[in-house]
Amino acid sequence: MQLPIIVQTTGLLVIANVFMTIAWYGHLKNLASKPWWIAAVLSWGIALIEYLLQVPANRIGYTSYSLAQLKILQEAITLLVFVPFAMLYMDQPFKLDFVWAGLCLIGAVYFIFRS
């Protein structure tokens with residue numbers, strides 16, 4: 001049994017975004033005392049994993065969805081991944097603005113996927 005394209009695409013994008021978020025922001029907590037280039041090289045390695053997941057996700061998704069739909073989906077997933085990362089890993093406080101931004105992205109997803 002093959003999973004629906006939206007499930008395959010979304011699943012790969014969620015995992016890719018976890019790696020992307022770690023690559024982009026994880027060094028701020030763990031490597032703050034190291035030279036920037038060490039953080040860049042390590043982040044590059046992590047980002048490679050992200051690309052190995054995101055490229056197939058977009059190729060799979062593009063068989064059924066438009067480029068705009070894929071981009072809005074990716075942005076919504078980014079916020080879904082970023083907020084828990086910021087709060088749980090980076091010890092950032094919860095802000096009501098996260099909710100408002102999320103609602104705006106839900107609206108964007110609705111408008112881009114309605115037909």
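The structure is a predicted model, in which local features require a pLDDT of at least 70 and side-chain atom pairs count only at pLDDT 80 or more, while totals for chains, interfaces and linings use all residues. Residues are numbered from 1 along each chain as its sequence is written, and side-chain values use heavy atoms, with hydrogens and water left out.

The chain contains four helices and zero strands; helices (H or I, at least four residues) and strands (E, at least two) are DSSP runs, numbered from the N terminus. The order of the elements from the N terminus is α-α-α-α. Along the principal axes, the C-alpha atoms occupy a box of roughly 50 × 35 × 25 Å. Of the 115 residues in the chain, 30% are buried, where buried means under 20% relative accessible area, exposed over 50%, and partly exposed in between (1.4 Å probe, protein chains only). Among contacts (heavy atoms within 4.5 Å) with a separation of 6 or more, 80% join residues 24 or more positions apart.

Helix α1 covers residues 5–30.

Thr-9, in helix α1, is buried because its relative accessible area is 0%. Beyond its neighbours within four places in sequence, Thr-9 is in contact with Ala-57, Ile-60, Gly-61, Leu-70 and Leu-73. Gln-74 belongs to helix α3 and counts as buried because its relative accessibility is 7%. With neighbours within four places in sequence left aside, the contacts of Gln-74 are Leu-13, Asn-17, Met-20 and Gln-54. Pro-56 lies in helix α2 and, at 30% relative accessibility, is classed as partly exposed. Pro-56 touches Leu-12 and Tyr-51, not counting residues up to four places away in sequence. Although Pro-56 and Leu-12 are 44 residues apart along the chain, their C-alpha atoms are separated by 7.9 Å.

The largest pocket has a volume of about 210 Å³. Of the 14 residues lining this pocket, Ala-76, Ile-77, Leu-79, Leu-80 and Gly-102 are the closest to its centre. On a 1 Å grid over the protein atoms alone, a pocket is an open set of points where a 1.4 Å probe fits, with protein on both sides within 12 Å along at least five of seven lines, and lining residues have an atom within 4 Å of a point. Grid points are joined across faces, edges and corners, and the volume is the space filled by probe spheres set on the points. Helices α1, α3 (67–89) and α4 (96–113) each supply at least two lining residues, and the largest share, seven residues, comes from α3. By class, the lining has twelve nonpolar, two polar and no charged residues; Ala, Val, Leu, Ile, Met, Phe, Trp, Tyr, Cys and Pro count as nonpolar, Asp, Glu, Lys and Arg as charged, and the others, Gly among them, as polar.
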